[in-house]
Amino acid sequence: MPTKVRNTPLPQHIHRRGDVYYFVRRIPPDVRELHVGHRFYFSLRTRSETAAIRAANSINQRLESYWMGLRLEKLSIPSLRQPEIVPSEPSEAPLLSEAAQIYVKMRGNGRQKKFFQSTERNLQYALQALGDRPIDTFKPKDAVIFRDRLLARGLTVESAKRSFAGLRAIINFSVRELGLDYRSPFSNALMPNLNDSVRRQPIPLSTIKEVQRTCFENDDDLRWLVAILADTGMRLAECVGLAVTDLKLEGNAPHIDLKPNLWRPLKTPTSARKVPLVGSALWAARRVSETVEGHYAFPRYTDGISCKANSASASLNKWLKSQVPTGCVIHSFRHSLRDRLRAIECPPDIIDAIGGWAVKGIGQRYGTGYPVSVLHKWMQQMEAQ
């Protein structure tokens, strides 16, 4: 459908590129020296003019309040005696970009691609908001600036918190490594309660059964993925990165021997586990074993170098969207698994062992864990619901 042509000018500070609205505003000359660049220009992530106007008004209000604070800080009051300024010694701490390099070098070994992407994204957010400065020069007001710039980008409060955590990890790691006497102001920044987070919803059991029946009918590699996830609650990347030899289908307790490999590490140490196969997951694992030639269970998304879980997520969520309630995605099967095991009064530590969730107590870390036959027994009870 062709884009409707607007006959009147757009409101101030709003620009449309294609169908998407952008916020654009020049930084006032009297505070320009305190910013990187001369203007703000970023997507409002909406095709609705009404939503764009509402967002732009909110951003303008925040910017005006922030700039007024800067102007008040610069305001000279003649009646007050100015304190003597003692020149500070040059900082020997690394620049923020250098601290990020140290962090990635020391912490990045064996990490997933997502770790490097999120670290780089958080670094760029901070550089654009605060500049590349020695890490021990950041003050509490910088944390406020960083928070406001993140929210002005359209990030939810939860996403902003994750960016703060990422930046905090970069700075704190370098502080410890270099023995600096410095406490990061990004540790105690207050976040507004905007109630804008989106909580993933579990998929109802009746819907899971319908999805499984559709998988049986279609019987292809994408539906095998869905079928395994539906009755195991595995993370998508865990499943996509399986080797055919990870499928242990013989004996009375068929299961997946989930372990890290060169193309797909695991999220946490407790993610390595034995995952019992029942119901649609057992059917799909058998179809993979019978059909797939080669080493990788899902060669469409795995090539021995990397595991393209994001591509798989996009394809599967697109297919699943019309079959599940609003708010449910492919990861919702993992939420559902926990509810299904709770419904049969499965002990929490066994639920954690099946799903690879972090254990809560020290005692649970002793020994080798539950035999797969015990885990399989509880999964069979769940499947019989």
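Let's start with Cys239, which is buried, with a relative accessible area of 0%. Keep in mind that what we have here is a predicted model. How far is the sulfur of Cys239 from the closest cysteine sulfur? The distance is 9.4 Å, and the partner in question is Cys307, so that is too far for a bond. As a reminder, a disulfide is a covalent bond between the sulfur atoms of two cysteines. To be called one here, the two sulfur atoms would have to lie within 2.5 Å. Searching the whole structure turns up 0 disulfides. While we are on cysteines, have a look at Cys346 too: its relative accessibility is 5%, so Cys346 counts as buried.

Now please turn to helix 5, which covers residues 157-178.

Which residues of helix 5 are buried? There is quite a list, and among them are Val157, Ala160, Phe164, Leu167, Ile171 and Val175. Here is a handy thing to remember when you look at a list like that: an α-helix has 3.6 residues a turn, so residues three or four places apart point the same way. And what do the buried residues of helix 5 pack against? They meet helix 2 (96-107), helix 3 (113-130) and helix 4 (140-152).

Next, a stop at helix 6, residues 205-218, where we find Thr207. Is Thr207 buried or exposed? With 14% relative accessibility, Thr207 counts as buried, because the cut-off for that is under 20%. If we set aside neighbours within four places in sequence, Thr207 is in contact with Gln323, Val324 and Pro325.

If you zoom in on strand 1 and strand 2 (residues 20-26), you will find them paired in the antiparallel sense over 4 bridges. One spot to look for there is His15, which stands opposite Tyr22 of strand 2.

Notes
Residues are numbered from 1 along each chain as its sequence is written. This is a predicted model: local features need pLDDT of at least 70, side-chain atom pairs count only at pLDDT 80 or more; totals for chains, interfaces and linings use all residues. Side-chain values use heavy atoms; hydrogens and water are left out. Helices (H or I, at least four residues) and strands (E, at least two) are DSSP runs, numbered from the N terminus. The expected span of a helix is 1.5 Å times one less than its number of residues. Buried means under 20% relative accessible area, exposed over 50%, partly exposed in between (1.4 Å probe, protein chains only). Contact means heavy atoms within 4.5 Å. Two strands pair if DSSP finds at least two bridges between them.
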